[in-house]
Amino acid sequence: MIKVMLVDDESLEREGLELMLSKNRSGFEVVAQAQNGKQSVELARDTKPDLIFMDIKMPQLDGLQAIEQILAIEPNVKCIMVSAFDMFDYARQAMKFGIKEYLLKPSRVSEVLEAFDRMVAEIEEERRQGSEVLELNQRLERFASFIEMELIVSLMLDHVHEFEQKDWQKWLDLDQKQGFVVVFSFDSEELHPNRQEKSRWYKVLKQAMDQEGVSALVGPLTGFQVPSFILFTDEDGAGEKLRQNIAGTIIHQVQKQLEGCRLLAGIGSIVSDVQHFSQSYEEAIYALELVYHHERAAYMVYNRYLRKQRKELVPFEVEKELVHAVKTGDSQQGMQLFDTYFQLIQQASHAKVELIKKAIENFFSVLARAMNELGFDEDVQMSFEQLETARQIKERAKTHLLVIIERLGEWRTSGVDRLLVQAKEYIDDHYHKAVTLEEAAERVGLSSYYLSKLFKEHFQLNFIEYVTQTRMNKAKDLLLDGKTPLKEIALTIGYKDPNYFSRVFKKETGMSPREYRGKYQGY
């Protein structure tokens, strides 16, 4: 709808213009009429018209002066100047304000309509471009969020990437930024919350961080945990007190919006470079482990005391290598590392059976989270409550560890192919909707990160590329029937914007939809 304002000191002229337009055109509304320049400025501020028919010679404030003031408050408004006199100087001044249309009274109906049509076409083109810019900005925002997640996941899992550090800094403005890791964890009363509920938790957390003005790279919600890298400059400073305040404030804001769920956090030490993320991440995970076993604590900051305690009680580096061996299915290396790990635990606990039980149970909790990140949702945790000696605990744990490695191997060889087929079937059934990686991953029981990785490894296409390929294949079938309009084809395969569909189709095939239809139908 085009909003029109008519400005003329003669009411008969305004009525005549409105009549010409209403009889011959649609899709517009006269939102205001003004009888002088001063009034037009006030009405333009209130009604925000798209197009103004402005008489030049008027009392109090002439048309050019009025337009100058209106453009100062509504710079995108279009104007058609109207005058009873053919005055070149006025026309020249109007051109300075970007005004292209000039009507001489009395105007023929055809002249008025032609000027109106040209201005409407210009308005609609600007709206279309503005919509595309808005869509592009939204896509860039989503892409930036994806880049953040990809970086966090890469740093967590120590992935080798084709991106170099300078590339990350360019995308995410990391230059001269320090930071520390906070791993947030949702402790829910519900054992298996659905995806919609977990999505709400994630949004609430991100909104709280935005509201508090926290600059952060936020990773995905995996299982119940969200890793984040809180950034600050040298000037900001970030001692232990400040780290506590940031985590405490965010938890407080989030907790007000959650029911039946607590938000916990482990906070790592400050690192001078994002590439040292893994160090702070490991510390944050360790601090979070301690929070889990503390009834009243909601968060804990890794400090010198915890560093000393960690060195004395938990062989963290060995634990990390052990988890990696299990994930990769290396049973021989896994058993050797477990022997070393158990010996260190036994030494640190002074052979106290209850402490050994707790330490090994904690290890299987850590392993369970690692398996969950892979998409392996079988419960691997274990209780040693009934056992009485360290030897019993060790043998039971080793047996259970071998079973996990064996089942994980079976899952990798037979289960993954089956799950990928299910994921492809899900895409084939839902490509016409806004199908997402997260929905497909939830459907087949894998993490979104792992499903994306598997797609790339098995099909040499990422998830989005496969969805696009599926849509394009269906589009080709519909184009060849020669009957279905392009707009309907776009909607049928999941694109709301036919122009965007055409661009994607041409990018994928090298031809526009019309060219493809013409070539393969022989006309």
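1. The crossing of helix α2 and helix α3 is right-handed, a word used when the near helix is turned clockwise from the far one by less than a right angle. Residues of both helices take part in the contact (heavy atoms within 4.5 Å): Gly37, Ser40, Val41, Ala44 and Arg45 come from α2, while Ala66, Gln69, Ile70 and Ile73 come from α3.

2. This is a predicted model, in which local features need pLDDT of at least 70 and side-chain atom pairs count only at pLDDT 80 or more, whereas totals for chains, interfaces and linings use all residues. Residues are numbered from 1 along each chain as its sequence is written, and side-chain values use heavy atoms, with hydrogens and water left out.

3. The axes of α2 (residues 37-47) and α3 (residues 63-73), which are lines fitted to C-alpha atoms over the stretch in contact, come within 9 Å and cross at roughly 15 degrees. The two helices are therefore roughly parallel to each other (angles under 35 degrees).

4. Aromatic rings pair if their centres lie within 6.5 Å, and the count comes to 11 aromatic pairs. In one of them, Phe186 and Trp201 have ring centres 5.1 Å apart and planes at 20 degrees, so the pair is stacked (planes under 30 degrees apart). Phe186 lies in strand β6 (residues 178-188) and Trp201 in helix α7 (residues 195-211), so the pair ties together parts that are 15 residues apart in sequence.

5. Phe186 is buried (under 20% relative accessible area, with a 1.4 Å probe), at 2%, and Trp201 also counts as buried, at 1%.

Methods: Axes are lines fitted to C-alpha atoms, for helices over the stretch in contact, and angles run from 0 to 180 degrees between N-to-C directions. Helices (H or I, at least four residues) and strands (E, at least two) are DSSP runs, numbered from the N terminus. Angles under 35 degrees count as roughly parallel, over 145 as roughly antiparallel, 65 to 115 as roughly perpendicular and the rest as oblique. Rings of Phe, Tyr and Trp (its six-membered ring) pair if their centres lie within 6.5 Å; planes under 30 degrees apart count as stacked, over 60 as edge-to-face and the rest as tilted. Buried means under 20% relative accessible area, exposed over 50%, partly exposed in between (1.4 Å probe, protein chains only).
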